[in-house]
Every structure is written in structure tokens, then in C-alpha cells.
Amino acid sequence: MSTAIDLTGVRLAYRIDKQRVGTFKEFAIHLFKGQVDHELLWAVDGIDLSLDRGEVLGVIGPNGAGKTTLVKLIARILPPTEGRVVVRGNLAAMIALGAGFHPESSARENVMLYGALLGRSRTTMLERLPEIIAWAGLDDFIDVPLRAFSSGMVARLGFAVATDADADILLVDEVLAVGDREFLTKSERRIDRMIRSGSSVVVVSHSLPTIRQMCDRVLWMDHGRARMIGPTEDVVAAYEDSVDSAG
Amino acid sequence: MAVSTYDSSQRRLPLAELRHLWEYRSLLRLLVARELTLRYKRSVLGVWWTLLNPLFTIGVFWLVFSQIFSRDGGGAPFIVYLTAGVLHAGFFSQGVTAAGEGIVAGRGILAKVHVPPDVFSFAAAIAAAVNFGISLIPLILILLIQGVGVPWTFLLVPISIVAMLMFVAGLGLLVASVAVRFYDVLDLVRVLTMLVMYLSATFYPISIIPERWQWVIEINPVYHHLVIFRAFSYGGPFSWVSLGVTLGSGVVALAVGVWVFSRNWRDVVVRL
């Protein structure tokens with residue numbers, strides 16, 4: 001059986017211009033002065049990883065360790081600067097839920113737009129709309145503009161759309177942190193069901209209890225590299241030790 | 001269900017890029033609708049603005065050129081010749097600039113969701129084509145009022161629109177490839193599209209250009225697109241060369257645009 005995700009020597013550099021050269025005019029001026037200069041920030045710096053079908057991988061590490069960038073590489077939002085990313089299967093990415101949501105549009109319109117952004121057809125979305133709204137518990141708000149929603153409600157809506165289709169691979173980046181307890185239980189149940197049906201999951205979280213409860217294996221990232229990767233308990237314990245000794 | 005595989009090391013061919021776009025057609029459709037409505041939402045005249053804007057332009061050109069320069073429309077009434085030219089020029093300039101801006105407008109979404117990055121440019125180009133389609137209504141009215149009538153070849157106008165759409169989308173993607181890095185290139189493009197309009201016999205007959213300078217007009221593909229549009233829409237002079245250039249330039253521009261863009265859009269997500 002083939003793996004769900006394979007990363008080989010994956011690196012990603014963000015470009016940071018030393019001078020903010022946003023226009024061609026400025027570029028010409030800087031070029032003339034010989035000052036066109038930029039710095040590369042290696043957010044992910046050589047990660048090798050492969051994930052089996054049905055496996056749940058946790059990603060932990062301090063802020064700025066490259067966790068979100070790693071997830072974005074798998075979600076094919078960012079193309080790797082070096083190395084290779086292979087993903088086999090349909091992917092549901094829960095990163096920045098509700099990206100592309102428009103505050104002036106209603107919940108209904110936003111669900112349609114978000115579905116379209118995820119590449120789903122109009123007919124599918126029209127069909128699934130009632131169920132999505134019902135799962136999010138937002139029946140009374142279907143025609144209300146999104147600006148009237150709380151951030152928790154927006155997250156519910158985004159989660160409901162993102163997890164509506166069957167996915168072979170699920171990426172979860174800190175999205176469970178915003179909702180209330182009911183939403184948390186409900187969404188964890190949904191993720192559990194997807195895991196049981198054989199989906200692979202990559203979950204990024206700062207909540208070590210969540211990681212302990214969900215994951216088979218954990219990747220601890222630091223400065224874009226894999227500080228440690230292995231069975232959940234070993235890695236989480238080592239991470240806790242390191243955080244405690246630093247504190 | 002077929003298992004879709006993503007391999008970052010595989011470079012996709014332009015054709016595969018376009019198929020990817022087809023998978024996202026519901027997004028394309030929503031973006032086109034948004035482009036069309038947002039533009040006019042805040043104006044009192046609403047969608048009618050689509051029509052009024054070029055009509056005013058035509059009025060101005062008509063006053064200036066029919067009164068001061070030549071009234072020659074190459075066989076057709078000058079107003080017909082002029083209207084076709086101005087509407088067509090609007091399609092070109094609106095399409096290229098809006099498609100060029102597309103990637104910048106889609107930046108926020110591209111950083112968070114995986115979508116084909118060229119979808120934003122295509123949506124803008126298609127919106128320009130739809131606008132052009134709507135603006136054929138006043139052209140038809142003018143044809144009827146002037147007693148020219150609407151020839152059967154009008155049914156071929158969609159060919160002209162599709163060829164122009166491909167051309168505009170291709171150029172727009174080239175502009176977008178640069179706009180990813182330098183936003184102000186769009187100002188330059190606005191000036192350049194105006195230059196192209198002046199060089200494509202929009203509001204003057206090509207015969208007023210001295211013969212030894214006519215090549216300047218003839219190397220401009222937009223001129224040939226316009227010749228074909230005029231031929232189809234009211235029976236202006238037809239030329240096989242122009243038809244060949246029209247279709248050829250559409251295909252070439254699109255292929256080159258998609259290819260160049262696929263190598264450059266990455267900048268938009270990795271530049272901070």
C-alpha cells in the first residue's frame with residue numbers, strides 16, 4: 001500500500017526584501033543605486049516525512065517553527081523551494097478557516113463561495129447547503145451578512161464546509177481553538193469518524209492534551225527542522241521537558 | 001473515485017493548467033459574477049453604466065473625428081465604424097488591465113487556499129468579454145437606425161469574441177506575471193493599451209495613414225481582431241490574413257501567457 005504523504009528534503013524560503021521594493025519605479029531607483037537586496041527566510045528547512053493511510057500525525061513546536069508553512073506545503077498552497085511533496089488522495093485543509101469569506105455576503109453566499117474555492121461544483125454545494133448550515137447550527141442566520149457573526153460562528157461555518165466532503169487526507173491547523181465546547185466535541189467526533197474511515201490526518205496544535213489524545217506519531221519542529229519525530233508519548237514528553245527547563 | 005495525486009516536482013503543461021481551471025469552473029463563475037456586479041454596485045445607473053460609458057466615449061470621438069478629420073468609415077457610416085472600434089478597444093483595455101490585476105486581487109485567498117492562481121485573471125478577462133457582449137446591444141441599435149441592418153455574419157461574432165478573449169487573457173497573464181512583483185506596472189499597461197488602441201484604426205480608417213507607415217498598424221494583432229469583428233458585425237471588409245492573425249494570436253497569447261504565469265505566480269505567496 002502506498003503512503004498518503006511523502007516529503008523528501010522539503011525546504012521553503014520566504015523572500016524578504018530589505019527595502020520594500022513594491023513598485024517598478026522603486027526597483028529602478030534601487031537598481032541604479034545598487035541596492036536590490038533580499039534575504040531568504042527558510043521557514044521549512046529540510047523535512048523528510050512520510051505518512052501512511054489512516055495515520056494521525058501531530059505537529060508541535062514553538063511559534064515560528066514552521067508548522068503552518070509545513071501544512072501549507074502539503075496543502076499545495078506553497079510550492080516547495082527545494083525538495084519534493086507528494087500527496088495521494090483528496091485533501092481537506094482546515095487552515096485559516098473561512099479564507100475568502102466576505103463580510104458583506106450572507107452565510108449562504110459564503111458557503112457557496114467557499115465550496116467553489118475548494119473546487120466543489122455548484123450543484124454539489126446547492127445540494128449540501130442545508131446540511132452544512134444545520135451542522136454548523138446556523139439555521140437562523142443563513143441570510144445574515146457574515147459581519148454580524150462572531151469569530152466562533154465563522155469558524156463553525158468554515159469547518160462545516162471544509163469537512164463536508166470525504167477526504168483521504170485531513171489537515172487541521174489550530175482551528176479547534178476558537179470554538180466553544182459543543183463545537184469542539186462535535187468537530188472532534190467528525191474528525192474521529194474520518195480517521196476511522198481511513199483518512200490520514202496532520203494536526204497542528206499547541207494543546208498537548210489534544211495531541212496526546214489524537215495522534216499516533218508526533219513531529220516536533222524547531223527553526224524549520226525536525227527536532228524529533230516518533231511515537232506520541234516520547235516526543236511530547238521530550239518537548240515538555242525542554243519547555244520546562246527553558247522556563 | 002479516482003485518487004488524485006499531487007507531485008510538486010511535476011511541471012504541468014499549459015493544457016493541464018487549463019484543465020485544472022475547468023475543475024474550478026464554479027469558482028470562475030462566481031468570480032465573474034462578482035467582477036460584473038461589484039463594478040457597478042455603487043453607481044446609481046447600475047449595469048447601465050456598462051453601456052453608457054462606451055457610448056459617451058463614442059460620442060466624444062464622433063464629435064472630434066467626424067467633424068474635424070475624415071468621415072470615412074470604409075464603406076459603412078462613420079458612426080458604425082467608430083462604435084465597433086471603440087467597443088472593441090474597451091474590451092481590450094479593460095480585459096488586459098483587469099486580468100493583470102487579478103493575481104494581486106487574489107493574493108489574500110492564494111495565501112490560504114489552494115486554487116489555480118490564474119482563475120482570478122481568467123475571471124476578469126471573461127467579465128470583460130461579457131461586458132463587451134452586453135455592449136453589442138447599442139451597436140445593433142446603431143446598425144438598425146443607420147439602415148445598415150444586421151447581416152447574417154453577426155452570428156459569427158462569438159468567434160471573434162472567443163479569439164479576443166484568449167488574446168486578452170494571455171496578455172493579462174503576462175501582465176500579472178510582472179504585477180506579482182511590481183504593482184505599478186499596471187499604470188504602464190494602461191498607457192500601453194491606449195497606445196495599442198490608437199494604433200489599431202479604432203476611430204480612423206487605415207487609408208489615412210501614409211502607405212509606407214501602414215505596416216505599423218498591420219503588425220498589431222489587435223488591428224486584425226478589429227478587422228474581423230467589423231467584418232462579422234456589420235459586413236466590413238474581410239481578409240483571410242486578418243482571420244488567421246486573429247485566431248493565431250489568440251492561441252499563441254494564451255499558451256505563452258499561461259506558461260509564463262505558471263513560472264512566476266509563486267512570488268505572490270513566498271514574498272513577504
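**View 1. Chain B, read along its sequence, follows the pattern β-α-α-α-α-α-α-α-α-α-α-α-α-α.** In this predicted model, the secondary structure of chain B amounts to 13 helices and one strand, where helices (H or I, at least four residues) and strands (E, at least two) are DSSP runs numbered from the N terminus. Residues are numbered from 1 along each chain as its sequence is written, and chains are lettered from A in the order in which they are written. Local features need pLDDT of at least 70, side-chain atom pairs count only at pLDDT 80 or more, and totals for chains use all residues, while side-chain values use heavy atoms, with hydrogens and water left out.

**View 2. Burial and surface of chain B.** Of the 272 residues in chain B, 52% are buried (under 20% relative accessible area, 1.4 Å probe, protein chains only). The accessible surface of chain B comes to about 13,000 Å², and 70% of that surface belongs to carbon and sulfur atoms (Shrake-Rupley method with a 1.4 Å probe).

**View 3. Helix 3 (residues 107-117) and helix 4 (residues 122-136) of chain A.** The axes of these two helices, which are lines fitted to C-alpha atoms over the stretch in contact, with angles running from 0 to 180 degrees between N-to-C directions, come within 10 Å and cross at roughly 130°. Contact (heavy atoms within 4.5 Å) is made by Arg108(A), Val111(A), Met112(A) and Gly115(A) of helix 3 of chain A, together with residues of helix 4 of chain A including Arg122(A) and Leu129(A).

Note on methods
Buried means under 20% relative accessible area, exposed over 50%, partly exposed in between (1.4 Å probe, protein chains only).
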